Amino acid sequence: MTTGVPLSTAPRRRSRGRTFLPLAVAAWLILEIWLLSLVAGAAGGLTVAALLLGGIVLGAVVIKRAGRRAFKNLADTFQQAQQGQQPAPEAAKRQRGSGNGLTMLAGLLLMLPGLLSDVAGLLLLLPPVRAWTGRRVAGSLERQMAAAPAGTFGDAFQQARIHYPDGKVVQGEVIREDGQQPQQPGPDTGYRPPLAP
């Protein structure tokens with residue numbers, strides 16, 4: 001044992017999300033292709049190409065605007081911090097409600113080829129939908145963080161080392177075979193207690 005932490009021999013249960021996510025992605029792709037073929041059959045292939053190109057252009061514009069707004073908010077915050085000012089409460093509330101991350105996600109969904117992703121991206125551009133989604137995501141993250149066991153970053157690193165054979169640590173000490181002590185006393189020549197897990 002390298003860390004003193006008991007290893008679990010029970011098989012790990014796979015989460016429901018990891019089980020059904022590949023099926024959901026496959027179903028989504030099939031539905032997107034089917035919808036595009038329906039539109040192509042009804043309106044023609046040129047219309048489908050125009051819809052896809054329009055979605056890419058609109059998505060790029062949305063992502064660019066959200067990125068500029070996020071950079072401006074960051075620059076304003078740094079400027080206020082350099083001047084020793086606290087951000088105004090209404091400005092902080094406005095920045096928090098702007099949802100630059102969700103706006104960028106909407107642009108990405110618009111850029112993905114397909115009609116369902118375009119509809120989801122357009123819905124995410126609406127401020128009430130974006131605010132509702134932001135509240136749901138924030139609540140979900142808070143619940144997951146509250147349910148997570150307490151620990152430090154070092155604990156997480158130690159747990160990561162347990163699962164990978166390359167990260168194993170063998171505790172011990174070096175003994176010179178010739179029995180001589182080092183000539184020059186240095187910081188490493190004194191007594192050091194063994195490393196504890």
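Tutor: Start at Ala 40, which lies in helix α1. Helices here are DSSP runs of H or I, at least four residues long, and strands are E runs of at least two, both numbered from the N terminus. The model is predicted, so local features need pLDDT of at least 70 and side-chain atom pairs count only at pLDDT 80 or more, while totals for chains, interfaces and linings use all residues. Numbering runs from 1 along each chain as its sequence is written, and side-chain values use heavy atoms, with hydrogens and water left out.

Ala 40 has a relative accessibility of 29%, so Ala 40 counts as partly exposed (buried is under 20% relative accessible area, exposed is over 50%, partly exposed is in between; 1.4 Å probe, protein chains only). Set aside residues up to four places away in sequence, and Ala 40 touches Gly 45 and Val 48. Contact means heavy atoms within 4.5 Å.

Those contacts belong to a helix pair. On the α1 side sit Leu 36, Val 39, Ala 40 and Ala 43. They meet Gly 45, Thr 47, Val 48, Leu 51 and Leu 52 of α2. By class, this contact has 7 nonpolar residues, 2 polar and no charged (nonpolar: Ala, Val, Leu, Ile, Met, Phe, Trp, Tyr, Cys and Pro; charged: Asp, Glu, Lys and Arg; polar: the others, Gly among them). The axes of α1 and α2 are 7 Å apart, at an angle of about 130 degrees. The two helices are therefore oblique to each other. Axes are lines fitted to C-alpha atoms, for helices over the stretch in contact, and angles run from 0 to 180 degrees between N-to-C directions. Under 35 degrees is roughly parallel, over 145 roughly antiparallel, 65 to 115 roughly perpendicular, and the rest oblique.

Helix α1 has another partner, α5. α1 covers residues 16-43 and α5 covers residues 115-125; they pack at about 100 degrees, with axes 8 Å apart. That angle makes α1 roughly perpendicular to α5. From α1 come Trp 28, Leu 31, Glu 32, Leu 35, Leu 36 and Val 39. From α5 come Leu 115, Leu 116 and Ser 117. The classes here are 7 nonpolar, 1 polar and 1 charged. Leu 115 and Ser 117 are also among the buried residues of α5, together with Asp 118, Gly 121 and Leu 124. What covers these buried residues includes α1, α2 (45-82), α4 (100-111) and α6 (127-147).

Now follow α2. Its 38 residues should span 56 Å at 1.5 Å a residue, and its end C-alpha atoms are 55 Å apart, which agrees. The expected span is 1.5 Å times one less than the number of residues. Buried in α2 are Val 48, Gly 55, Gly 59, Val 62, Ala 66 and Asn 73. Ile 56 is also found in α2. At 39% relative accessibility, Ile 56 counts as partly exposed. Beyond its neighbours within four places, Ile 56 contacts Leu 110 and Met 111. Ile 56 and Leu 110 are 54 residues apart in sequence, yet 6.3 Å apart C-alpha to C-alpha. After α2 comes Gly 84, with a positive phi near 75 degrees.

Last, the whole protein. It has 7 helices and 0 strands. Of its 197 residues, 15% count as buried. Among contacts with a separation of 6 or more, 68% join residues 24 or more positions apart.
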